Amino acid sequence: EIGLQGLCVIPEDIAAMPSRAADVALASALALLWGLRGAAASAAGAAEAAQSFSCRAAPWRAVCSGRGVCNGTSCICEGARLGAFCERPMPSLSNVCEPLPRRTNATGRADDVRPDEIGIVMAIGDSMTAGYNVVNPSGVEFRGWGFSSGVEPTAHTLGTFVQAYSPGLIGGAKGSRRPSQAPGQNATVCPPIDFDICGLNAAVDGARVGWLTEQVGWLSQRLDALAPGKWKDEWKLLTILSGLDDIVFAPPTDVSVVEAQFDAVLESLHARFPKLLVNILALPDRLQPNVTVATAGCRLFKWASESFGIYWTDLGLWHSSILEYNQMLVRLVQRWQAKTCTPGNCTMAVALRLPMLETNIGLSELDTLDCFHPNLRFAEAVAIEIWNEMLEGPPHSAPGLHWQQPARCLQPQHRFTVPDPSLALLESAVLRTEIVV
């Protein structure tokens with residue numbers, strides 16, 4: 001028997017058949033579903049039915065497996081997917097891109113690092129950075145699939161993209177774990193029992209920017225354990241997504257306080273970690289606040305979280321607060337670019353990355369349990385966009401996620417990009433007249 005789900009994502013035994021046999025099998029399944037058993041009587045007739053099949057006419061909801069766009073007759077898949085129905089993940093970059101010989105003329109400057117020279121991957125932040133609910137809405141941190149540092153073989157993350165060119169990468173997260181703290185509490189970073197799962201992802205559920213200094217200290221201790229005596233000589237990539245919890249959970253944190261806290265975090269990073277590349281993510285300016293109460297399930301989760309003492313701020317204030325925080329991040333990154341990367345010396349490069357700007361975020365991009373955390377399709381698209389920005393800078397086309405854009409192959413001329421954040425954000429129509437530089 002083949003049900004609706006089996007047709008939305010082609011079963012592996014059919015996907016593995018030769019193309020004509022797969023056509024026959026799929027057409028036969030369609031015939032059974034629609035009650036047209038006579039159409040399956042002839043193999044030639046079944047193949048012909050499959051060839052004329054239109055994705056727009058599919059009698060199920062998840063057209064293109066929910067991971068692509070139907071153009072009328074065929075599926076245009078998102079960057080992390082492939083197949084006639086977008087039913088399969090894209091292979092690793094190591095399987096689709098040409099290998100590159102190692103450079104022999106590296107300057108040692110952070111603004112001259114080619115991403116295959118990164119030896120360590122790290123992350124700090126909140127539950128989004130930890131991969132909470134990213135694979136399915138089960139209250140689990142899927143760290144191995146987290147956009148910033150996961151390295152599960154089936155994942156499409158910043159960690160797997162770097163690992164494709166740096167097989168000995170240290171710090172990648174693997175597997176999943178239950179959060180070890182009560183929601184919203186300032187808890188200890190990943191405990192020893194979960195060290196192998198967390199890797200060097202120090203994110204904590206509910207973390208505000210003021211918590212990040214503790215996460216930086218944890219990273220320093222773990223580096224001494226994972227790569228004793230050599231980690232200071234390796235280029236390290238750190239991705240930071242933080243600040244949203246300071247906005248959405250009560251009491252909100254004033255942006256001037258967050259700016260001072262972020263300065264302290266970067267000061268600690270600069271003092272502790274030589275040879276460091278830092279991605280700071282701008283916050284999603286088109287997160288639809290009302291989506292958190294859009295369904296009965298979402299409203300139930302919100303009610304339950306408040307019964308545990310986690311109170312949400314006024315939804316009407318989210319958008320203006322996010323814009324204000326992003327303006328602050330421009331100032332912050334500009335200061336630190338000038339401070340740590342001068343013509344004479346550059347041991348730490350700081351870049352503001354923009355994958356979530358001008359991207360409408362609604363139910364299709366969020367998990368169905370709390371209607372707040374990114375789902376897998378959104379997390380994969382964010383990882384692809386960060387990687388592509390690292391190689392080539394912000395997109396010159398329309399800002400926001402480019403859903404059908406795959407991860408680019410590393411080329412000899414690519415370097416870790418450090419764009420001027422004010423110029424990058426000025427290309428955003430939403431912020432063009434609102435940024436204070």
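## Disulfides, a parallel sheet and enclosed space

With a relative accessibility of 3%, C190 counts as buried, because that word covers anything under 20% relative accessible area, with exposed meaning over 50% and partly exposed in between (1.4 Å probe, protein chains only). Its disulfide partner is C198, which is buried too, since its relative accessible area is 0%.

A quick word on what you're looking at: this is a predicted model, where local features need pLDDT of at least 70, side-chain atom pairs count only at pLDDT 80 or more, and totals for chains, interfaces and linings use all residues. Residues are numbered from 1 along each chain as its sequence is written, and side-chain values use heavy atoms, with hydrogens and water left out.

**Disulfides**

How many disulfides does a search of the whole structure find? The search turns up 6 of them, where a disulfide is a pair of cysteine sulfur atoms within 2.5 Å. Here are some, including the C190 and C198 link.

| Pair | S to S | Angle about the S-S bond | Handedness |
|---|---|---|---|
| C64 and C75 | 2.1 Å | -90° | left-handed |
| C97 and C409 | 2.0 Å | -75° | left-handed |
| C190 and C198 | 2.1 Å | 85° | right-handed |

Take C64 and C75, whose link is left-handed at -90°. C64 sits in the loop between helix 4 (43–51) and strand 1 (68–70), while C75 belongs to strand 2 (residues 75–77), so this pair ties together parts that are 11 residues apart in sequence.

C97 is in the loop between helix 5 (93–96) and strand 5 (118–125), and C409 is in the loop between helix 14 and helix 15 (421–426), so the parts tied together are 312 residues apart in sequence. Are the two ends buried or partly exposed? C97 counts as buried because its relative accessibility is 9%, whereas C409, with a relative accessible area of 25%, is partly exposed.

Next up is an open sheet of 4 strands in the order 5-6-7-8, with parallel pairing. Strand 5 and strand 8 are the edge strands, each pairing on one side only. Neighbouring strands of this sheet are turned by 20° against each other on average, direction ignored; the axes are lines fitted to C-alpha atoms (for helices, over the stretch in contact), and angles run from 0 to 180 degrees between N-to-C directions.

Two strands count as paired if DSSP finds at least two bridges between them. Strand 6 (residues 235–241) and strand 7 run parallel and are joined by 5 bridges. L237 has L277 in strand 7 as its bridge partner. Going on to strand 8, strand 7 (residues 276–281) is joined to it by 6 bridges, again running parallel, and I280 stands opposite L352.

Which faces of strand 8 are covered? Both are: M348, V350 and L352 are buried on one side, and A349, A351 and R353 are buried on the other. In a regular strand the side chains alternate between the two faces of the sheet. In total, 6 of the 6 residues of strand 8 (residues 348–353) are buried, even though strand 8 is an edge strand.

**Cavities**

The structure holds 3 cavities of 30 Å³ or more. A cavity is a set of points on a 1 Å grid over the protein atoms alone where a 1.4 Å probe fits but cannot get out, and lining residues have an atom within 4 Å of a point. Grid points are joined across faces, edges and corners, and the volume is the space filled by probe spheres set on them.

The largest cavity has a volume of about 110 Å³. Of its 14 lining residues, M128, F147, P374, F378 and A379 lie nearest the centre. Helix 6 (127–130) and helix 14 (376–392) each supply at least two residues of this lining, and helix 14 gives the largest share, 3 residues. By class, the lining has 10 nonpolar, 4 polar and no charged residues; Ala, Val, Leu, Ile, Met, Phe, Trp, Tyr, Cys and Pro count as nonpolar, Asp, Glu, Lys and Arg as charged, and the others, Gly among them, as polar.

The second largest cavity holds about 50 Å³. What is its lining like by class? It has 10 nonpolar residues, no polar and no charged ones. M128, P374 and F378 turn up in this lining as well, together with L244, P284, L287, M356, I361, L366 and F372.

Conventions. 1 Å grid on protein atoms, 1.4 Å probe; cavity = no way out; pocket = protein on both sides within 12 Å on 5 of 7 lines; lining within 4 Å.
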